[in-house]
Amino acid sequence: LLRLGLETIRSPASVVFANGPAMLPLALMHNIRYSSDIVLDVPERPGMVTVSGSAASLFSKFERALLKISRPFVAETLVVTYADVDYMKSLGFESVRLVRNVPMSDWKAPYLPPPIAGQGDDNRKLRLIAMGSVFEGRAYEKLIKAVAIASAQIEIELTVCGPGRPGYLTDLRSLADDLRIGDRVNFIEPVSIEKVSAMYLS
């Protein structure tokens, strides 16, 4: 962090990109030194990570206060969901742009309509994949419950690929087992960026 801070104040630029609210202190240092415009990327809803004992949970306790302090210095705010546009505007950020976080077009598999019970080939399986960090606040519980509901009508399988707190992953596995879909929900280790597209296409 010290090295990053030194690099930040030694690098003149007219724009500085803060990759998440945690980087705002560095961006503010750059702004003070070079009068740079700050572009703030908000990949997750501020204050939503509540994992006990985690660094993210600790940061979330003062994240909103940091955002309010930084607000006058931020030229542009980027978010990935429609709901976060309104949320950031409610905090006083004037210029908030929605930049969807989606896979590149060459990652798309050929479209096949999902199986519908009683129509066509009932043996076809609907395969879902959720990639990324696994933590509270990302609604994995709802996703698993949705798979349980759908499994009464169609063949369905969910693969969760990403790092997560061991206790939380255990809780999610237990939920799948309690809903009697433990055999339909798979948890796998994170994959390298080079293999992400293959995972979507598999």
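Predicted model: local features only at pLDDT ≥ 70, side-chain atom pairs only at ≥ 80, totals over all residues.
Setting aside neighbours within four places in sequence, isoleucine 38 is in contact with Val16, Ala18, Leu24, Ala27, Leu28, Asn31, Phe73, Val74, Ala75 and Glu76. Isoleucine 38 also belongs to the largest nonpolar core, where it is among the residues that touch the most other members.

**The nonpolar cores**

- The largest nonpolar core has 19 residues, and Leu24, Ile38, Leu40, Leu67, Met88 and Phe93 touch the most other members.
- At least two residues of this core come from each of strand 1 (15-19), helix 2 (24-34), strand 2 (37-42), helix 3 (55-70), strand 3 (74-79) and helix 4 (82-90).
- There is also a second, separate core of 18 residues, with Ile144, Ile156, Val160 and Phe187 among them.

- Asparagine 31 sits in helix 2.
- Its relative accessibility is 13%, so asparagine 31 counts as buried, the cut-off being under 20%.
- Beyond residues up to four places away in sequence, asparagine 31 touches Ser36, Ile38 and Phe73.
- Phe73 is also on the contact list of isoleucine 38.

**How helix 1 meets helix 2**

- Two packed helices are described by the angle between their axes and the distance between the axes.
- For helix 1 (residues 2-9) and helix 2, the axes come within 9 Å and cross at roughly 25°.
- Helix 1 is therefore roughly parallel to helix 2, since angles under 35 degrees count that way.
- The crossing of helix 1 and helix 2 is right-handed.
- On the helix 1 side, Leu4, Gly5, Thr8 and Ile9 take part, and they meet Leu26, Met29, His30, Arg33 and Tyr34 in helix 2.
- Sorted by class, this contact of helix 1 with helix 2 has 5 nonpolar, 3 polar and 1 charged residues.

**Methionine 199**

- Methionine 199 lies in helix 7 (residues 196-201).
- With a relative accessible area of 18%, methionine 199 falls under the 20% cut-off and is therefore buried.

Definitions and conventions:
Residues numbered from 1 in each chain as written. Heavy atoms only, no water. Helix = DSSP H or I, 4+ residues; strand = E, 2+ residues; numbered from the N terminus. Buried < 20%, exposed > 50% of the residue type's maximum accessible area, 1.4 Å probe, protein only. Core = buried A, V, L, I, M, F, W, Y, C linked by side-chain atoms within 4.5 Å. Contact = heavy atoms within 4.5 Å. Axes fitted to C-alpha atoms, helices over the stretch in contact; angles between N-to-C directions. Parallel < 35°, antiparallel > 145°, perpendicular 65-115°, else oblique. Left-handed = near helix turned anticlockwise from the far one by under 90°. Nonpolar A, V, L, I, M, F, W, Y, C, P; charged D, E, K, R; others polar.
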